[in-house]
Amino acid sequence: MRDSGRVSLAVVLLLLTSTGIALLAERSRAGLPAPHPQSLEVRGQSQEEAHRKSAGCITCHISTDEPTMHPTKTVRLGCADCHGGNSDARAIPGSAQNSAENMQAKEKAHVQPRNPAFKNRSALPERVFTDWLKESKEYVRFVNPGDLRVAPETCGEIGCHANEVRAVSTSMMTHGGFLWGAALYNNGAFPHKNAYFGESYSADGQPQAIKAAPPPTPEETRTKGIVPQLVPLQRWEVSQPGNVLRVFERGGRKKAEVGNPNRDEDPGKPEDKLSDR
């Protein structure tokens, strides 16, 4: 019986290793990045292990949150597997939700943002997208594990949704290449019809290029619209009206002019412009 147990264990280990190697090979063929070192451990963890990674979270998040986003129960994941944070921090039983003790536990459990404006996510200021790019990937992951800056390490882990994350990150609905291509070409800012610019950001919030691998042939570009790469939009100064893409700016009113008053303009604007000079 002892030898039989050893053989069975060896067979199980061999199957797990073979499965991991096969998944790694498939990921490599698809051109996907290497998985997080703990990904295989997460995929094979028990329900008890997954629960330990949610134990502290569910002391606060009780009736308003689902225990898992996989209702089939076929995937065993804890809160911290996707969101990160400290799942060991716990609310004090019987104490008020906003008590000092519970607020301190919340601070320990949650990943804190660099920008204080994000601490109260129920009342965020308008147009904070560029500030969001300055946040750490740990905070981005905590708030939204599906954000494309961190999705390769969460939803896109080996054996999960790697292909979907890859497809979404290069989708036209993500990078907006068609929009920028049409706007730039039709307004005379770029001489070629094929899309060349698009929006994509790395894990640290920096603009990055998207390249096709392998590069498409000219025939594929002509007949299927596959472009070799998309590069980040170039910088331009908003203080000068030379760039045609200023039509995308928020507003809609004519720019104030010194010596040419307008009843609808904000008081003091021409004087401010004179003082700035």
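**Reading the loops and the confidence**

Modeller: Start with threonine 154, which sits in the loop between helix 7 (137–143) and helix 8 (162–169). Helices (H or I, at least four residues) and strands (E, at least two) are DSSP runs, numbered from the N terminus. This is a predicted model: local features need pLDDT of at least 70, side-chain atom pairs count only at pLDDT 80 or more, and totals for chains, interfaces and linings use all residues. Residues are numbered from 1 along each chain as its sequence is written, and side-chain values use heavy atoms, with hydrogens and water left out.

Colleague: Is threonine 154 buried or exposed?

Modeller: Buried means under 20% relative accessible area, exposed over 50%, partly exposed in between (1.4 Å probe, protein chains only). Threonine 154 has 7%, so it is buried. Beyond four places in sequence, threonine 154 contacts (heavy atoms within 4.5 Å) Cys82, Arg141 and Pro145.

Colleague: What does leucine 148 touch?

Modeller: Leucine 148 is in the loop between helix 7 and helix 8 too. Its relative accessible area is 31%, so it is partly exposed. Leaving out residues up to four places away, leucine 148 touches Val165, Val168, Ser169 and Thr174.

Colleague: Which peptide bond is cis?

Modeller: Most peptide bonds are trans. Here, the bond from alanine 213 to proline 214 is cis, with omega near -5 degrees.

Colleague: Where is confidence lowest?

Modeller: pLDDT is the predictor's confidence in each residue, from 0 to 100. Where it is low, the predicted coordinates should not be read in detail. Helix 1 (residues 2–29) is lowest, at a mean of 40.
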